[in-house]
Amino acid sequence: MSSPQGQMKYEQQPLFIGGQRHKTTNTFQTIDPACNTPLADICQADKASIHAAVEAGKNAFPSWSATPPMERSRILLRAVKLLRERNDELATIETHDTGKPFTETSTVDVVTGADVLEYYANLIASGGLNGETTQLRPDAWMYTTKAPLGVCAGIGAWNYPIQIALWKSAPCLAAGNCMVYKPSEFTPLHALKLAEIYMKAGVPPGVFNVVQGAGDVGALLTSHPGIAKVSFTGQVSTGAKVASSAASGMKYVTMELGGKSPCIILPDANVEDAVDGAMMANFFSTGQVCTNGTRVFVPESILPAFEKRLLEKMVHVRPGDVMDPSTNFGPLVSEVHSQKVQKYIAHGIEIDKAKLLYGGLGKPTLPPGVSPNGFWVRPTIFTNCTDTMLIAREEIFGPVMCILPYPAHHPSYLSSLIRRANDTSMGLAAGVFTRDIDLAHKVVAQLQAGITWVNTWGESPAEMPVGGWKMSGLGVENGRRGLEGWVRNKSTLVEMGGTVGTVFAKL
Ligand code: NDP
């Protein structure tokens with residue numbers, strides 16, 4: 001992994017098909033966002049290699065799906081152990097590939113991925129794939145069984161590469177399916193490592209395959225007739241294309257898409273907690289988190305105190321060397337994405353004319369020795385935003401907070417606030433900060449979002465099903481419900497009374 005002048009940090013990344021590394025002639029490069037230099041050449045999948053990966057999955061499916069859940073569980077738990085042993089090595093790869101600080105990737109990305117694998121491995125060993133039995137009459141009963149789907153496609157975004165790969169492959173493999181996984185072309189490095197960890201743990205060849213490439217590879221995979229399900233994480237617009245392609249083959253889908261989530265501070269909130277929550281909801285992972293609470297509703301009564309404390313705390317957002325233990329804010333993932341975020345900031349200043357409270361255009365001040373060539377943007381806060389501003393309506397997916405002040409003196413303020421919070425086509429997450437726990441639940445019950453938080457933001461443990469409402473997605477990942485998306489149901493009615501019914505009996 002050393003990088004003498006002019007050499008890549010990582011070896012060429014082949015595809016991984018049927019338990020073997022698989023080279024192709026065409027390659028593309030992955031770039032280190034912290035310094036804008038190539039990290040590795042990546043083999044690009046073509047139609048033939050995608051087909052080979054699906055065939056490898058098909059060949060592996062009969063035996064893997066027939067492996068008893070207890071045995072599958074043991075194998076997957078060995079992979080969990082390997083992931084945890086290699087946490088820092090994998091986190092370093094994620095930091096190089098995504099630009100996210102090592103302080104984050106070493107404590108969140110691999111950890112939360114391994115947790116989900118452990119959760120599903122344990123769940124299937126303790127009856128998680130059992131069906132139900134209903135005694136209908138003394139001599140008739142009904143039972144259900146759950147069957148795996150077959151070969152499934154996983155298509156990932158670039159913000160949490162190994163976590164997304166694990167959140168998809170863990171329930172997929174645990175349920176007895178096989179997977180062909182395509183990571184984002186911007187963050188491909190984790191996929192081969194994960195495939196080799198699965199193999200080392202005892203996952204048979206062909207159960208987990210990797211194809212690399214851009215959207216065209218994803219599209220070929222989605223439309224392949226051998227694919228039974230597509231689990232997709234990405235933008236709403238791409239998700240709509242993927243879902244419609246999958247629909248023509250009547251494939252199962254899970255869609256984990258974008259959001260423009262409301263973070264609601266109520267008048268009685270503890271300002272300190274509310275500020276911490278709003279910062280977490282906007283600047284963690286340099287704002288590249290799907291569940292970010294980018295519309296921060298603050299009552300006018302506490303707005304001055306909220307903004308003052310927020311500005312005081314912004315000194316704790318520290319850009320710097322991404323491997324430095326004191327850095328907690330990295331560059332954005334790619335040049336194209338940093339340009340997109342800068343455009344939104346410019347729009348907020350020039351067209352929306354929101355009040356710029358912090359940050360703005362350009363790069364943040366970096367400590368000496370840190371490359372200025374990285375895809376940096378400044379953590380930015382707009383205030384006095386209104387609902388119609390573009391920056392308050394569209395997902396920016398960068399470190400840009402919009403504060404929307406609201407009057408709370410009128411008794412009907414709450415219904416107006418909830419209407420505004422819900423006034424978006426997306427519905428991924430939402431949160432409320434208040435000391436009044438009754439009120440918190442009343443508000444949460446009215447929010448149109450699949451993931452909600454009370455007095456906190458962002459935690460997404462393995463036990464918690466997560467998925468969006470409205471245009472933010474279909475289905476859920478994680479928790480018991482997450483496993484249901486990877487199986488089909490079979491209902492069987494058994495009659496022991498010797499009759500098939502009375503309709504024709506007398507004819
Ligand atoms: P994109 O939609 O651009 O890409 C997602 C994946 O889809 C990538 O692997 C991409 O390939 C691939 N892809 C692109 N076009 C097609 C196609 N026509 N058919 C099949 N696959 C295709 O999303 P981003 O990578 O930009 O990710 C950011 C988005 O992801 C944000 O909107 C964010 O909110 C969302 N997200 C949602 C999460 C959730 O759980 N709800 C979690 C994390 C992110 P390539 O990149 O190589 O072109």
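Okay, let's start with a pocket. The lining of the second largest pocket splits by class into six nonpolar, three polar and three charged residues. In that count, Ala, Val, Leu, Ile, Met, Phe, Trp, Tyr, Cys and Pro are nonpolar, Asp, Glu, Lys and Arg are charged, and the others, Gly among them, are polar.

Quick housekeeping. This is a predicted model, where local features need pLDDT of at least 70 and side-chain atom pairs count only at pLDDT 80 or more, while totals for chains, interfaces and linings use all residues. Numbering runs from 1 along each chain as its sequence is written, and side-chain values use heavy atoms, with hydrogens and water left out.

Back to our pocket, then. We're working on a 1 Å grid over the protein atoms alone: a pocket is an open set of points with protein on both sides within 12 Å along at least five of seven lines, a cavity is a set where a 1.4 Å probe fits but cannot get out, and lining residues have an atom within 4 Å of a point. Points are joined across faces, edges and corners, and a volume is the space filled by probe spheres set on them.

The second largest pocket holds about 250 Å³ of space. If you want to click on something, its lining includes Thr-103, Glu-104, Met-279, Met-280, Phe-283 and Lys-313. Which helix gives the largest share of that lining? That's α9, with four residues. Both α4 (102-125) and α9 (271-283) supply at least two residues each. By the way, helices (H or I, at least four residues) and strands (E, at least two) are DSSP runs, numbered from the N terminus.

Searching the whole structure turns up three cavities of 30 Å³ or more. The largest cavity comes to about 70 Å³. It has 16 lining residues, and Pro-262, Met-426, Gly-427, Ala-429 and Gln-448 are the ones nearest its centre. That lining takes at least two residues from each of α12 (413-422), β17 (426-427) and β18 (429-433). The second largest cavity is about 50 Å³. Among the residues around it are Cys-290, Asn-292, Glu-395 and Phe-397, and by class the lining divides into four nonpolar, five polar and one charged.

On to the packing. A nonpolar core here is a set of buried Ala, Val, Leu, Ile, Met, Phe, Trp, Tyr and Cys residues joined through side-chain atoms within 4.5 Å. Buried is under 20% relative accessible area, exposed is over 50%, and partly exposed is in between, with a 1.4 Å probe and protein chains only. The largest core has 87 residues, and Leu-83, Leu-173, Tyr-198, Ile-265 and Phe-306 have the most contacts inside it. α4 gives the most to this core, ten residues. Then there's a second, separate core of 32 residues, including Phe-382, Leu-404 and Tyr-413.

Take Ile-265: skipping neighbours within four places in sequence, its contacts (heavy atoms within 4.5 Å) include Ala-274, Val-296, Phe-306, Tyr-406 and Phe-433.

What does the database say? UniProt, in an unreviewed entry, puts "domain: Aldehyde dehydrogenase" at residues 24-491. UniProt positions are given in the numbering used here, feature names are shortened, and annotations may be inferred rather than shown by experiment. The span's end C-alpha atoms are 45 Å apart, and it is 40% helix and 20% strand.

The unreviewed entry also lists Glu-256 under "active site". Is Glu-256 buried or exposed? It counts as buried, because its relative accessibility is 9%. Glu-256 sits in strand β11 (residues 252-256). Beyond four places in sequence, it touches residues including Phe-232, Gly-467, Ser-472 and Glu-477.

Most residues other than glycine have a negative phi. Met-250, though, has a positive phi near 50 degrees, and this residue is in the loop between α8 (236-248) and β11. Met-250 counts as exposed, because its relative accessibility is 73%. Lys-470 also has a positive phi, near 50 degrees. It lies in strand β20 (residues 469-470) and is partly exposed, at 36%.
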